[in-house]
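Subject: Structure handover

Hello,

Here is the structure I said I would pass on. My notes on it follow below.

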Amino acid sequence: MKPTLGQMLMGAASTLNDEIAPHIDDGAPVAIGHVGTLGLILACMAQEADRAVETAVREQDAIRALFADAAKAPLPRDLAIRLKAAAADDARPSLKLTDLEAQNAKLKRLLMTLLETLEAEHFDWAVALEARVWTILKTGAERRALYLPVL
């Protein structure tokens with residue numbers, strides 16, 4: 001059986017905390033702190049390794065769905081055209097996390113432009129779209145939340 005990336009990272013975290021830290025001389029509190037910090041970082045990486053691709057893909061899908069709806073709203077023509085194009089461009093060059101994050105960054109720049117435009121409007125349609133933008137951002141942050149394990 002091949003261990004998952006998350007299992008390997010958690011194993012490394014446990015080894016640092018359970019097998020290495022106890023053997024560091026009490027006169028080296030900085031070293032003990034560094035080993036503990038590295039263990040915590042590895043545990044957080046294990047969480048992110050398991051979910052990062054799914055988080056990025058779901059976020060892209062939600063942003064593109066919002067763009068498709070927003071493109072139908074009475075927005076400035078150039079923005080509506082950009083939103084429509086981004087909504088239609090659902091091709092993913094790969095599922096590599098670096099590629100997905102690059103796509104997300106591009107989509108989020110347009111999302112921020114949309115948000116700035118919506119915040120200047122005071123109509124019900126703009127308020128509803130603005131709420132959807134904030135929901136997407138909140139959901140993305142919640143999906144990326146790190147839960148610190150007891151080590």
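Please keep in mind that this is a predicted model. I begin with one leucine, then go on to a pair of helices and the charged side chains.

Leu110 is buried, its relative accessible area being 8%. This residue lies in helix H4. Leaving aside residues up to four places away in sequence, Leu110 touches Phe67, Leu79, Arg82, Leu83 and Ala86. Phe67 stands 43 residues from Leu110 along the chain, yet the C-alpha atoms of the two are separated by 9.2 Å.

Helix packing

Two packed helices are described by the angle between their axes and the distance between the axes. For helix H3 (residues 77–88) and helix H4 (residues 97–120), the axes come within 11 Å and cross at roughly 145°. The crossing of H3 past H4 is left-handed. On the H3 side the contact is made by Leu79, Arg82, Leu83 and Ala86. These meet Leu107, Leu110, Thr113, Leu114 and Thr117 of H4. By type, the residues of this contact are 6 nonpolar, 2 polar and 1 charged.

Salt bridges

Side chains of opposite charge can pair when their charged atoms come close. The count for this model comes to 7 salt bridges. Three of them are described here.

In the pair of Arg144 and Glu59, the closest N and O atoms are 2.9 Å apart. Which of the two partners is buried, and which is partly exposed? Glu59 counts as buried because its relative accessibility is 3%, under the 20% cut-off. Arg144 has 30% relative accessibility, so it counts as partly exposed.

Arg92 forms a salt bridge with Asp61, where the closest N and O atoms are 2.5 Å apart. Here too distant parts of the chain are linked: Arg92 belongs to the loop between H3 and H4, Asp61 to helix H2, and they are 31 residues apart. Arg92 is partly exposed, with a relative accessible area of 28%. Asp61 also counts as partly exposed, at 41% relative accessibility.

The side chains of Lys138 and Glu142 meet in a salt bridge as well, at 3.2 Å from N to O. Both residues lie in helix H5, 4 residues apart, which is about one turn of the helix. Lys138 counts as exposed, because its relative accessibility of 52% is over the 50% cut-off. Glu142, at 45%, counts as partly exposed. Elsewhere, salt bridges that share partners join Glu59, Lys108 and Arg144 into one network.

A charged residue without a partner

What is the nearest side chain of opposite charge to Arg64, and how far away is it? That side chain is Asp61, at 4.8 Å. A salt bridge needs a side-chain nitrogen within 4 Å of a carboxyl oxygen, so Arg64 has none, although it is buried. Arg64 has its place in helix H2 (residues 29–70). Not counting residues up to four places away in sequence, Arg64 touches Ala86, Ala87, Asp89, Asp90, Ala91, Arg92, Gln103 and Leu107. One of these, Arg92, is the salt-bridge partner of Asp61.

Regards

Methods
Residues are numbered from 1 along each chain as its sequence is written. This is a predicted model: local features need pLDDT of at least 70, side-chain atom pairs count only at pLDDT 80 or more; totals for chains, interfaces and linings use all residues. Side-chain values use heavy atoms; hydrogens and water are left out. Axes are lines fitted to C-alpha atoms, for helices over the stretch in contact, and angles run from 0 to 180 degrees between N-to-C directions. Helices (H or I, at least four residues) and strands (E, at least two) are DSSP runs, numbered from the N terminus. A crossing is left-handed if the near helix is turned anticlockwise from the far one by less than a right angle, and right-handed if clockwise. Contact means heavy atoms within 4.5 Å. Ala, Val, Leu, Ile, Met, Phe, Trp, Tyr, Cys and Pro count as nonpolar, Asp, Glu, Lys and Arg as charged, and the others, Gly among them, as polar. Buried means under 20% relative accessible area, exposed over 50%, partly exposed in between (1.4 Å probe, protein chains only). Lys and Arg count as positive and Asp and Glu as negative; His and the chain ends are not counted.
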